[in-house]
Amino acid sequence: ARRGDLAGRHVVVSAGGTREPLDPVRFLGNRSSGKQGIAIAEAARERGAKVTLIAANLEVAEPDGCDIRRVSTALELQAAVTEAASGADVVVMAAAVADYRPASVSEGKIKKDQSDDGLTLELVRNPDILSGLGHAPHAGTLLVGFAAETEPDDDRLIALGRGKREAKGADLLVVNRVGWNEGFASDENRVVVIGRDGDVVTRAHGTKQSVAHDILDVVVTEVTTATAA
Ligand code: PMT
C-alpha cells in the first residue's frame, strides 16, 4: 500500500544539526548526522511525494531527487522551513535545533586571556521553529515534530513526548531516546509516535529507513483522512 501513496503531496523535511557560530572558526553544535531526516525524505520521495529537504550540516551524502536547501544556524533553518512550509501537505521537523545561540559573534578568533582560567559564554534563546508553525493557523499542513529525550524510563519518555506535542502544537510527535550511543548518528532508531489525542499511534524500531516508512504510514493515514473529511 506504500507505493505512490504520497503522490501529488509536497513533503518538507528538516534534517541534521544546527551550528551556532562563536567566531569565524568555532561553533556550538550537536551530534545529529542527518540520517533520520534524510531517510524520511527518501522514503517520502519513493512513495511519490515532491520533497523539499532543509539540510543543516549533514554528515552523510545528500539524497537524490529532493529539492535541497542548505542552512547552518537555527535562524537560517527557521527562514527556510517557514518559506517551504507554506502550501506544504506535510512538514517533518527531524533536525536537531539549538535552543540557544551565542549572544554575540566575535569578528575575530576569540583569544585566550592569560589572566583568567575560564571563559563564560552568554547565550540567548533561539526561536522554536516547530512551535511557531504549530501555533499559527496551519490547516492542510500536517506538522510532525520529534522529541529527543535521554529519559531511561519508557513511560516517562512517552509522557515527555506527549507534553512536547501539546506544547509545540504538532499534529504528530515522534519520540526517540537519545544518548551517547542512541538516536544521534546511529544507523538504527527506536521510536514511539504520539497522535493528536496523546495516544500512542505506532511503535517502530529498526534501520532509520524502516522507521522512516513506519512514520510515513501514520502520516499517510492522517493526510488521507483529512482530505476525505
Ligand atoms: O540525525 P541523526 O543522527 O539521524 O539523529 C536523529 C535525531 C535523533 C536527531 C532525530 O531523530 C531527532 O530526534 N530530531 C529532533 C532533535 C531535537 O531537536 O529534539 P528536541 O526534543 O530538542 O526538539 C523537539 C522538536 O522541536 C523537534 O522536532 C525539533 O526539530 C523542534 N525544535 C527544537 C528547538 C527549536 N529551537 N526549534 C524547533 O523547531
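Reader: Which residues is V91 in contact with, once its neighbours within four places in sequence are left aside?

Author: The general idea is that two residues are in contact if their C-beta atoms, placed from the backbone, lie within 7 Å. In this model, which is predicted, V91 is in contact with V12, V81, A85, L133, T141, L143 and V144, leaving aside its neighbours within four places in sequence. V91 also belongs to the largest nonpolar core, a set of 62 residues, where V13, V91 and V144 are those with the most contacts inside the core. Helix 5, residues 208-228, supplies the largest share of this core, with 7 residues.

Reader: How many helices and strands does the protein have, and what does its radius of gyration say about the whole?

Author: There are 5 helices and 12 strands in the protein. For the whole, one compares the radius of gyration with the value for a compact globule: with 229 residues that value would be near 17 Å, and the protein has 18 Å, which agrees. The C-alpha trace spans about 65 × 40 × 35 Å along its principal axes, and 41% of the 229 residues count as buried. Turning to contacts between residues at least 6 apart in sequence, 64% of them join residues at least 24 apart.

Reader: Which residues come nearest to the ligand, and which elements give two or more residues to the shell around the ligand?

Author: There are 29 residues around the ligand, and S33, K35, M93, I129 and L130 are the ones that come nearest. The elements that give two or more residues to this shell are helix 1 (35-46), helix 3 (129-134), strand 9 (142-149) and helix 4 (154-168). Strand 9 gives the most, with 4 residues.

Reader: Which residues does UniProt list for "binding site", and why do they not all gather at one spot?

Author: A record should be read as a record, and here the UniProt entry, which is unreviewed, lists D99, K109, P127, D128, I129, L130, F146, K164 and K168 for "binding site". These residues span 70 residues in sequence, and the farthest two C-alpha atoms are 37.3 Å apart, so they do not all gather at one spot.

Reader: Let us take two residues from that list. Is K109 buried or exposed, and is F146 buried or exposed?

Author: The general idea is to count the other C-beta atoms within 10 Å, where 20 or more make a residue buried and 12 or fewer make it exposed. K109, in the loop between strand 7 (100-102) and strand 8 (123-125), is exposed, because it has 10 other C-beta atoms within 10 Å. Not counting residues up to four places away in sequence, K109 touches D23, P24 and V25. F146, which has its place in strand 9, is buried, because 28 other C-beta atoms lie within 10 Å. Leaving aside its neighbours within four places in sequence, F146 is in contact with M93, A94, V174 and N176.

Reader: What is the phi of N57, and what is the phi of A185?

Author: Phi of N57 is near 55 degrees, a positive value in a residue other than glycine. N57 is found in the loop between strand 4 (50-56) and strand 5 (67-71), and it is buried, because it has 21 other C-beta atoms within 10 Å. A185 has a positive phi of about 70 degrees, although it is not a glycine. A185 lies in the loop between strand 10 (172-177) and strand 11 (188-194), and it counts as partly exposed, because it has 16 C-beta neighbours inside 10 Å.

Reader: How far apart are the C-alpha atoms of I158 and N176, and how far apart are those of P137 and T52?

Author: I158 and N176 are 18 residues apart along the chain, and their C-alpha atoms are separated by 9.0 Å. I158 lies in helix 4 and touches V175, V192 and V200, not counting residues up to four places away in sequence. P137 and T52 are 85 residues apart along the chain, and their C-alpha atoms are separated by 21 Å. P137 is found in the loop between helix 3 and strand 9, and it is exposed, because it has 6 other C-beta atoms within 10 Å.

Technical notes
Residues numbered from 1 in each chain as written. Predicted model: local features only at pLDDT ≥ 70, side-chain atom pairs only at ≥ 80, totals over all residues. Near = placed C-beta within 6 Å. Core = buried A, V, L, I, M, F, W, Y, C linked by C-beta atoms within 7 Å. Rg over C-alpha atoms; globule rule 2.2 N^0.38 Å. UniProt positions renumbered as here; feature names shortened; annotations may be inferred.
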